[in-house]
Every structure is written in structure tokens, then in C-alpha cells.
There are 2 protein chains.
Amino acid sequence: MASHKILLTEDEMPRQWYNILADIKMNPPLGPDGNPVSPDQLAPVFPMNLIEQEVSQERWIDIPQEVMDIYTLWRPSPLVRATRLEKALGTPARIYFKNEGVSPAGSHKPNTAVPQAYYNKEFGIKKITTETGAGQWGSALSFACAQFGLQCTVYMVRISFDQKPYRKSMMGVWGGKCIASPSTLTKAGRDALERDPNTPGSLGIAISEAVEAAVSDETGETRYSLGSVLNHVMLHQTVIGLEAKKQLEKVGEYPDIVIGCAGGGSNFAGLAFPFAQDKINGKQLEIYPVEPAACPTLTKAPFVYDHGDVAGYTPLLPMHSLGHAFVPAPIHAGGLRYHGMAPTVSQLVDEGLMDAKSVNQLDCYEAGLIFARSEGHIPAPETTHAIAQVIKEANKAKEEGKEKVILFNWSGHGALDLGAYEKYLAGELHNFELTDAEMNEAMEIFKNYPKPEHLKSR
Amino acid sequence: MASHKILLTEDEMPRQWYNILADIKMNPPLGPDGNPVSPDQLAPVFPMNLIEQEVSQERWIDIPQEVMDIYTLWRPSPLVRATRLEKALGTPARIYFKNEGVSPAGSHKPNTAVPQAYYNKEFGIKKITTETGAGQWGSALSFACAQFGLQCTVYMVRISFDQKPYRKSMMGVWGGKCIASPSTLTKAGRDALERDPNTPGSLGIAISEAVEAAVSDETGETRYSLGSVLNHVMLHQTVIGLEAKKQLEKVGEYPDIVIGCAGGGSNFAGLAFPFAQDKINGKQLEIYPVEPAACPTLTKAPFVYDHGDVAGYTPLLPMHSLGHAFVPAPIHAGGLRYHGMAPTVSQLVDEGLMDAKSVNQLDCYEAGLIFARSEGHIPAPETTHAIAQVIKEANKAKEEGKEKVILFNWSGHGALDLGAYEKYLAGELHNFELTDAEMNEAMEIFKNYPKPEHLKSR
């Protein structure tokens, strides 16, 4: 019988995360004064143990036993050979995917939520604040905080709070407190409400509220947490790729192409970085981050210094960015609607070690249906971006008659996104593509910003 | 490291289902004339290969290779040691659960949907009709039909169709056609609409519509499918218990108590029957089907002959029943709101081989929260009934200082039931318990019905 799933035992799980900072050169983040940010400047926002991890150059970092113990609630995740998808496409390619949808929150997000909660707890923190758009991250952090007895407060963008009540309920099940943003609890929130009492909110405002709530807690027992973009987040996610490598070894395979969807970059980096290390060391393979055509950070936007948030609270990060004032079109893959991209991913793309792709919304839902009807499991809208690219590559392999090995990250399930599929099936969705005029307008913001260097890691 | 998950490889999967009809004595189903029903009488409703399976006395029945191949999209499912739940309860009991929430539809239902679609396809059927209440079964059958290129039409109870759009969308993703019932497509539906144009519908009407749509298709290429109650459905589900047995053997364990929630009986039977076989053969263990106090089929209602549907289209089945006209209180565990119980489960309870329990709604949600906050994964409302009983038994083991081994079926995840949790957290849910007066009134229906014999299998 053809085996669909390649499993690891819990004893075979990686015991260390892979830190790509040991293998690449990076521009430093810059503070308000234009100089590199020091760890101390970040101390009111994050616990010092996570700040140390953010700047660490150690190649391998031990996964704490307490984190391992919680990881095993769903990890190691299955690596699956998508034989029924291959058959549906009639491709000679062998397609493998890492199923991160098996986590309690249904996506890869708990891979970093759990260690972040752990390190906060270790540092003596009692409460964590964060923001969430569609709710994936807020629910993952609520789950993680429940495991460590930490309080969790999530500022959720008002329009999502109203339109996606299930994610809010999920946070509640795990004891998380979900607050519609803008709220009256913070100055940032009150200012936003004064400007427009009926505002639908934005991720930018929600970040400002969450950061303000953390740094203004006078007990010093509250910190802020971010679910993507930062180095330590990418680090934690590498458990995905490290497991996948071991699983592929078991069946004597190595990927020709590694694919993941990319919003802030974390699920993509999690799968791809352990393979990127091989590429830095001379191995031949293709690595494709895939983003929406509506938010083409890597494929259209330049490598610049920009803020991670709309309000400009964060340091300037060296990254591909559409500008922190950019508002992406309302595609349903909420997790990919981010103006920037993780500095590590941006660096690797800038120096040509990865080749970014973009896909449009309708092709993504079509790909999602092809997948669901062949492999059964229904992917999240974000994940369909990876699948759309996989199908392109599988069809190319068919045309060329090549037995390529394609590996991709099935970053999450779509059970809470079925409304978007419903709209697609009813013909109510359409494509969005950024025009050159919109792009030029967005770029205005960078006129007086410092520019990062183009570095080479190999 | 304590291992949470006990895994089987795909090669270790059971290759046969266990048929409990080989080991117990059963009263026959009766036709309209009061005589045992012949297979021919069922031929317009089900394909003959499934009818043969329904009455087979073979102890072991081969699982077809095509079914195995689709099972491996999610099977073997993990057996999980709930160490974090044990710790939260401070119990010396060792608690194991079989995670059936990993299937594409999120529950155990595909275990029978896939073989039912397969046997229909083999028999030359092109289209399957069925009914669905909350939508679990309709979505599972849509998934299965997509795998075999069969058309699937699901009559969904109007009120659920309106209130639970996500399950309908899920069917659409897999190509299933979901119709609000009552519809104008069948005589049964038109009659119902004539009686009350604003009716919220009922499972009884939906069954009538689905059966009528199957038997009235003049091409002869349509059949009807049922997701619980019948012998062949229980048979297919035994893959759960057979896997669990192998998994427990790997860690040298055997359960003292086996627990599953029971509505029509299929997820419970799937886990319990392979262990019930051992008990029939003299092994000591407890087996508890758990039902809602609002619908106490096994714990309060008698063992009678009753119809499986409200309209009385089905043969009279020997089962515990509250009467086919009984309308259960609106608890949120839609899958447990059924007036009867699988004849096989009913027989085993009647002769004392299983000991039924009932739990109330609020205890169930409390149990669901305890589970979600310790083990992470959020259970379906149906599944929380099993968990509530598990927690009772674990606390009892603690009082008695006994190291009991408890095994239960985690029948499905609650991602599409988060609205019910939200209501629980907001204090909007309450308990329902059937009063003696309501019970007596319900029993009136059986006055002139034939009575099954009390048989003994050992």
C-alpha cells in the first residue's frame, strides 16, 4: 500500500531550533535616532530572554523541555505524500506537504506562541498583550497562555471582531480576553475613536493598543507579543522544516522545490530555513515564498528600512515593504495582508537565495477546491496560496516530464474560513492586483528613510 | 519524555472490520406486515452489497483496498495519553483518547461515509441522497462522494441550514448539493410546507425527503444513505476500536473502562465493540455509552420495537427508544438528539454487557473547557458528553486511589461549534432533563407495538 503519511515518533523530534542568523548577514534594526537599536530599548516591550534570542547568533538553540512537552500535544506533525492530488493533476512530480493544521488552534501559530508564553513566564511576566487581525494569532496565544497560567489580552480589529465571532469564542474557550479595537482602554484607542467613532479599526491601531497596554502596566508584569516578522518567531517555527527534513530522509527524498505562503513570513520561514541553510552551503534547490498579488511585498516592493506597524512604534526593520501606511485590498487571506515581510526572509530574497512568487485570489480558491476534493482536508485561504504555486510547478513538471520533488507547508485548515469558500463558489470573489500608480504612491513614504545595504551571505 | 501520542503506521492498520452480529443474538427488524424484513424489501433504498453487509453474520469483513487508500488520508488516527488532563485532575487514572477529529470532516463520520460511497459506486449507483441535522453527516458523505465521483444530495433541516451556514459551505467545497428541508422537490417536502410554510423542518421530514428522492429516481441509479443506527454503519466504525486496541497493546495497557458519547450509537460502537467482544468472551471491563440527560434513550427509555424515522418509513427496529414522535430538547449537541439507539448497542445494554450513563449539558461544557485548557484541542459538544463521564471516573479513581485505565472516543472537534461555547461562557445555556410526565406521554406511542425478546448472548 502506498503510504500517505510519514510520521516521526516524539523521541525523534528535533530538540533544537535552527537560527538562520548564524548563516546570513543582516542589516541592524534602527532606533528613532537612526542608530542600531540596543536590547535595553526593547526591554519594556519584550522579556529580556526573548530579546536575547532575537539577536542571538547561535546556530542551534535548545527547545526547553516544558515547550517540548506542549509541542507533543500535536507535534511531530505529519508529513503527507499527496498521492491523490498528484493523480488528480496527472503529474510525475512527487508532492509532499507538512500538515500544520493539526495544532489545537488549527495552524502553525502555536509553534511560537508556546515558547513565547514559556519565556515570558520564566521571566516572571503574568500577562501578555497582543493584537490579532482575523484571529489566528490571538487564538494561538490564548491557547499557549492557558498552558502556563498566564493572562492573555488580545486586541482584535473591530471589523473582524464583529464578522468572525468564532475566533473570538475560541480565545474565550482558552481563557483569553478579546477586546474590539479601537477600545477605550488605551490612549491610542481613544484617539482613534475620537477621530472616527465608527472606525472598523486596523491592525496598526490594534498593535498600538497592545504595545501601549503592555508598556503602561506599572506593575512591570505585562509584556507584548508578536506572532510573525521577528527573528525569534522565525526561529521557533523552524521546528516545521527540521521535522520535514527528517521525515523526507526516512523515504530517501530531498526537495527540488520548497514552497510556503508568506504574509509576515513565519510559516514559510519555518519550513524553508532549514533547507535554506543547505542552499547557503551549496546545495541546489528552489525556494519559493508565495504572496497574494494584492499585497506583493516581495515580488514588487523594494528592500527598504520601514516600521513594522502603522503607528511607527517599532524600530525601523530592513525588509521588503509596501510602506507602513499601505492598506492591502480586502482579500480573504487575512494572514497575508501585511505591508512588510520578515527581515530574514527579505534578506534571503534580496540576495537571490529565494525566488518570490505571487498568485491571485481566484487561482487560490480554485487550488483549494482541487486540493479538498482530492486530499480531503480543506486548506485555509492563506494556505491555498502555497497550493496554487504547487499546482503550477506540478503542471510544469508534467509538461517537462520531470519527476520533481515538491515540498510545501500546509499552514492551516479552513474550517473557520468556509464563508470565504461559500463566496467563491457563489462567484462573488474577484482578483485584486496592485497597479503601478498605487505602487508609486505607496513608495512616497520612503523618500527620507535610511536605506539598508545589499549584503551577500555566501 | 512522556509520550503523548501512540501511533500506528499505515501498514499496521486493521485490514478487516469487526462484525458484532457474529457474537450476539438479535431480534430481527420487522416490516409493515409484522414479519421480519427481507433483503429484497430494502433494495430500492440501499444497494444490495450494503444490505448483505447489514445482515451478515461473518465475524470479520475485509476492508476494500480502495477504502483503505482513502482511510489513510487521516487514519490511523492518534491514540493520545491525556497526561495534561490527568495532571489537571490530579488523578491516578491513566486516560487515553482516540482522536477522530483529525478526519477531513472533523469527526468519525467519514469512517462509514467512505465505504458507503464505495459500495454504492461498486453497485453502479451514480447519486446518493441523505439527510443531515447539524451537518456533520452531510459533510462527511459529501467528502466521501467527491472521492468516488458520485453526486451527493443532502437534505438539511431548515433551521440548521439557516443557522449553521459553515457546514453547508463545507459540503459545497466537496461538491455536495445541500438543500434546505422541507423543499419543494419531494412530495414529503411539499406536504410539510403546505401544513406550515414557515416550518423550521425536522430530521424526520428530511429523512422522508431523502428516502423519497432515492426511491423515486426512475433511472434506478440513486440510493439513500444513513450515517448511524444500522448494523453496517457500526461495522465500519469498528476501525476505531481495532486501532485503539493495537495502540494500547504497544504500551502494554488494556482499559478498565471504555467510554463514548452515544446519539445513534456509531462513534461509541466504533470504539467499544472490539472491547465488547472481549467482554462477551469473559474479559472484565466496564463499557459506558454516555447520552444527554435531555435525550435519555438508554438510561430511561425501554427496549422496544420502533421506527428509525419520524414518518415511519423504516422497518421496526429492536432498540431503546423514546418513540419516533419524540422531540428532544434543544441541546447544542445536535448529533445526540435522536429518539432511538442503534439496535446492536441497545441489545448489549439490554443484556447488561454495557452500562449506560447520562450527563447534563452544563457539566458537558465545563468538561469541554477543562479538556481544552489542559489538552489544547477543543472538543465537539457531542464529545464533551464522553469527557464529562471520563472526568467523573477519573475523580472516582482519585477518591479510591486506584490506577484505572480509562479509554474514550474523542469523536470530533468543536471548531464549527464555537458559538455554543460562547453561549456557555456567557451563561446563556442551561440544563434540560426529561420529566416523568413527559416520559409517560412519549411512551403512549408503543401501546400497540410488538415487543422484542430479551435475549442473552453469553
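This is a predicted model: local features need pLDDT of at least 70, side-chain atom pairs count only at pLDDT 80 or more; totals for chains, interfaces and linings use all residues.
Residues are numbered from 1 along each chain as its sequence is written, chains are lettered from A in the order in which they are written, and side-chain values use heavy atoms, with hydrogens and water left out.

Helix 5 of chain A, residues 110–122, has 13 residues and reaches 18 Å from its first C-alpha to its last, close to the 18 Å expected at 1.5 Å a residue; helices here are DSSP runs of H or I with at least four residues, and strands are runs of E with at least two, and the expected span is 1.5 Å times one less than the number of residues. Helix 5 of chain A is mostly covered, with 11 of its 13 residues buried (under 20% relative accessible area with a 1.4 Å probe, protein chains only), and among these are P110(A), V114(A), Y118(A) and Y119(A). After this helix comes G124(A), whose phi is positive, near 90°.

Aromatic rings of Phe, Tyr and Trp (its six-membered ring) pair if their centres lie within 6.5 Å, with planes under 30 degrees apart counted as stacked, over 60 as edge-to-face and the rest as tilted, and by this rule there are 33 aromatic pairs over all chains. The rings of Y365(A) and Y421(A) have centres 5.3 Å apart and planes at 85°, so this pair is edge-to-face. Because Y365(A) lies in helix 15 of chain A and Y421(A) in helix 17 of chain A, the pair ties together parts that are 56 residues apart in sequence, and both tyrosines are buried.

In chain B, F97(B) and W410(B) form a tilted pair, 6.2 Å centre to centre with 40° between the planes. F97(B) belongs to strand 5 of chain B and W410(B) to strand 15 of chain B, so the pair ties together parts that are 313 residues apart in sequence. F97(B) is buried at a relative accessible area of 1%, and W410(B) is buried at 2%.

Between the chains, the axes of helix 8 (residues 165–173) of chain A and helix 17 (residues 418–425) of chain B come within 9 Å and cross at roughly 55°, the axes being lines fitted to C-alpha atoms over the stretch in contact, with angles from 0 to 180 degrees between N-to-C directions. Helix 8 of chain A is therefore oblique to helix 17 of chain B (angles under 35 degrees count as roughly parallel, over 145 as roughly antiparallel, 65 to 115 as roughly perpendicular and the rest as oblique).

Methods: Buried means under 20% relative accessible area, exposed over 50%, partly exposed in between (1.4 Å probe, protein chains only).
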